[in-house]
Amino acid sequence: MALAAPAKPRLPPWAERLIALYSSQTANQFILYGNVNDRFVLPIGDAPIGTLYDFLMRVMMPRFDVVISYDLGNGVRIDKGGEVVSRWPAFRETTDLPRAPRAAVEFLTRLFRYSANVARLGQPPVQVGFIMKAAHLVAPAVPGALNYDLNALALLIRDWSADELLTQHQLVTWLIADNRNDLHALLVNNPRAAAVEIPLPSSTELANAVTILASRYPDAAAGTSDASTLAGQLIGSTLGSVENLLKIKHHERKPLAGADLVALRKELVERDASGLIDFIQSSRTLDDVYAQDRLKSWLRQDIALWRMNDLQAMPMGYLICGPVGTGKTYLVECLAGEAGIPVVKIKNFRDKWVGSTEGNLEKIFRLLQGLGRCFVFIDEADQALGRRDAGTSDSGLSGRIYSMFAEQMSDTSNRGRIVWVLASSRPDLIEVDLKRPGRIDVKIPVFPSTTIEESLALIRALTERRDVAVTDQDLADIKPMVPLLLTPGAAEAIAVKVYRTTRTEKLTPIDALKRALNGYQNPVPSDVMQFQIELAAKEATDVEFVPEEF
């Protein structure tokens with residue numbers, strides 16, 4: 001079935017902003033970062049989909065006399081206007097175009113200045129465009145390093161936008177980097193350069209692309225007649241990944257099936273994120289959370305507001321706190337299943353290489369913006385979120401991580417779109433600013449069992465899950481052996497032991513349970529348990545979340 005043709009595609013918002021900045025002569029040096037390695041809908045020329053390089057050549061610089069590019073692999077290349085460049089003395093004096101960064105930048109600076117000087121002498125001006133691919137590899141961020149050669153190189157590049165001789169000449173330079181944080185600070189902080197982030201494609205851009213690609217890969221698109229619906233199901237993916245997916249399905253002569261799209265989207269997004277995130281898939285709901293009726297009612301009210309698109313009362317984030325083993329992650333899974341939206345779990349984004357951690361976080365935040373509505377789960381938040389003042393032990397890395405999270409979590413435009421969910425057994429170690437209202441609006445304590453009946457119900461539920469049946473009379477007989485302050489994690493360990501004993505030693509369920517409880521010791525020391533209970537109780541947003549016993 002053919003897809004309905006959408007309205008004529010427009011350039012994405014970032015491209016229109018770039019054109020406005022360039023046309024107004026606001027800057028002649030541009031830092032393009034973010035989703036720079038993707039493909040884009042280009043409603044200009046014969047090829048409707050192309051790369052960022054195609055966009056710069058076809059949209060930004062179609063009438064330029066000379067276009068030069070540089071990257072570490074290919075060195076300096078003359079992409080357009082070779083006959084013009086061949087007349088420049090600096091070019092004629094060079095037998096081989098330079099490849100090393102410092103030599104290449106010095107060579108390019110001489111060309112740019114010569115071209116500007118010729119124009120000042122009254123000769124026809126030459127429009128020169130320059131594209132530096134993977135600029136973060138040429139002039140990388142090296143905090144605090146006294147690398148004189150690298151600093152000199154960055155200064156020369158910055159001078160292309162600051163030298164009056166060059167700024168008055170028809171010169172434009174494009175520095176392309178994966179992440180802004182990966183680029184040398186002298187370039188990032190240059191007030192004369194304009195930085196433009198290229199985000200992941202919106203659902204509209206994906207719909208336009210899918211419609212264009214459907215004619216190339218009809219077998220893949222045969223299963224749907226609505227490009228917007230398909231694009232909405234693939235939101236968060238790069239256009240390049242979607243194009244590859246259509247190619248594969250077309251080659252297999254299989255249409256894209258709706259049942260496959262959830263798994264396909266998960267696979268595409270996780271691959272694009274380079275292993276920095278995971279999707280948590282959950283079939284559980286809040287009905288699977290034992291007791292805590294007041295808490296479940298509150299969460300269901302939030303979900304109802306979200307579904308009605310009434311976002312003003314939606315919290316910016318949740319903090320789930322409680323002793324270890326109380327099921328904080330389990331609660332997040334149940335909340336995700338109840339809401340029916342994706343939960344993104346941020347994995348270990350820290351890297352041993354200087355600047356890579358900040359770059360990884362920048363990539364994660366860009367992906368979250370592209371996903372639309374989602375929960376963002378950060379486990380062990382007291383360790384992951386950094387510290388405002390971490391001293392000099394990590395060269396300020398923890399402080400930079402803290403600042404990046406603080407900025408993202410306080411962005412009110414994300415209310416109802418991105419909900420932060422932090423989990424920690426030590427909420428006192430999370431910076432106060434990160435868990436204040438406006439970043440974390442609801443703090444949810446999770447506690448161990450407070451009565452023998454709660455402990456029994458927990459053990460029974462987990463043993464029955466393993467088809468080990470224990471009768472009411474059996475449970476009544478073992479009441480004196482049942483411990484208080486039992487966590488789901490500890491109860492899980494008891495249930496596993498009971499199951500194992502019934503299988504290996506052929507004991508009855510009640511005898512196996514008695515053996516498991518005989519001499520039972522809580523895996524968490526009592527002083528640690530009491531301390532973490534007190535922390536959770538103090539953090540609670542609503543006193544009704546806290547049992548009377550605590």
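This is a predicted model: local features need pLDDT of at least 70, side-chain atom pairs count only at pLDDT 80 or more; totals for chains, interfaces and linings use all residues.

Visitor: How many residues does helix α13 have, and what span does α13 reach from its first C-alpha to its last?

Guide: Helix α13 covers residues 239–251. At 1.5 Å a residue, a span of 18 Å is expected, and the helix comes close to that value. The answer is thus 13 residues and a reach of 18 Å.

Visitor: Which residues lie nearest the centre of the largest cavity?

Guide: The structure holds 1 cavity of 30 Å³ or more, and the volume of the largest cavity is about 70 Å³. Its lining is made up of 13 residues. Those that lie nearest the centre are F40, V41, P201, E205 and L239.

Visitor: Which strand gives the largest share of the lining of the largest cavity?

Guide: By residue class, the lining divides into 8 nonpolar, 1 polar and 4 charged. The largest share comes from residues 39–41, with 3 residues in the lining, and the element is strand β2.

Visitor: Is E380 buried, partly exposed or exposed?

Guide: E380 is found in the loop between β12 (374–378) and α18 (381–384). Although it is not a glycine, E380 has a positive phi of about 50°. Most residues other than glycine have a negative phi. Because its relative accessibility is 44%, E380 counts as partly exposed.

Visitor: Is D467 buried or exposed?

Guide: The position of D467 is in the loop between α20 (452–464) and α21 (472–477). Its phi is also positive, near 60°, in a residue other than glycine. Since the relative accessible area is 69%, D467 is exposed.

Visitor: Which residues do ring pairs link into a cluster?

Guide: A pair of aromatic rings is described by the distance of the centres and the angle of the planes. The structure holds 16 aromatic pairs. Ring pairs link into a cluster the residues F349, F365, F405 and W420.

Visitor: At what distance from the ring centre of Y53 does K133 lie?

Guide: For a charge to sit over a ring, NZ of Lys must be within 6 Å of the ring centre. K133 lies over the face of Y53, and its distance from the ring centre is 4.6 Å.

Key. Residues are numbered from 1 along each chain as its sequence is written. Side-chain values use heavy atoms; hydrogens and water are left out. Helices (H or I, at least four residues) and strands (E, at least two) are DSSP runs, numbered from the N terminus. The expected span of a helix is 1.5 Å times one less than its number of residues. Rings of Phe, Tyr and Trp (its six-membered ring) pair if their centres lie within 6.5 Å; planes under 30 degrees apart count as stacked, over 60 as edge-to-face and the rest as tilted. A charge sits over a ring if NZ of Lys or CZ of Arg is within 6 Å of the ring centre and within 35 degrees of the ring normal. On a 1 Å grid over the protein atoms alone, a cavity is a set of points where a 1.4 Å probe fits but cannot get out, and a pocket is an open set with protein on both sides within 12 Å along at least five of seven lines; lining residues have an atom within 4 Å of a point. Grid points are joined across faces, edges and corners, and a volume is the space filled by probe spheres set on the points. Ala, Val, Leu, Ile, Met, Phe, Trp, Tyr, Cys and Pro count as nonpolar, Asp, Glu, Lys and Arg as charged, and the others, Gly among them, as polar. Buried means under 20% relative accessible area, exposed over 50%, partly exposed in between (1.4 Å probe, protein chains only).
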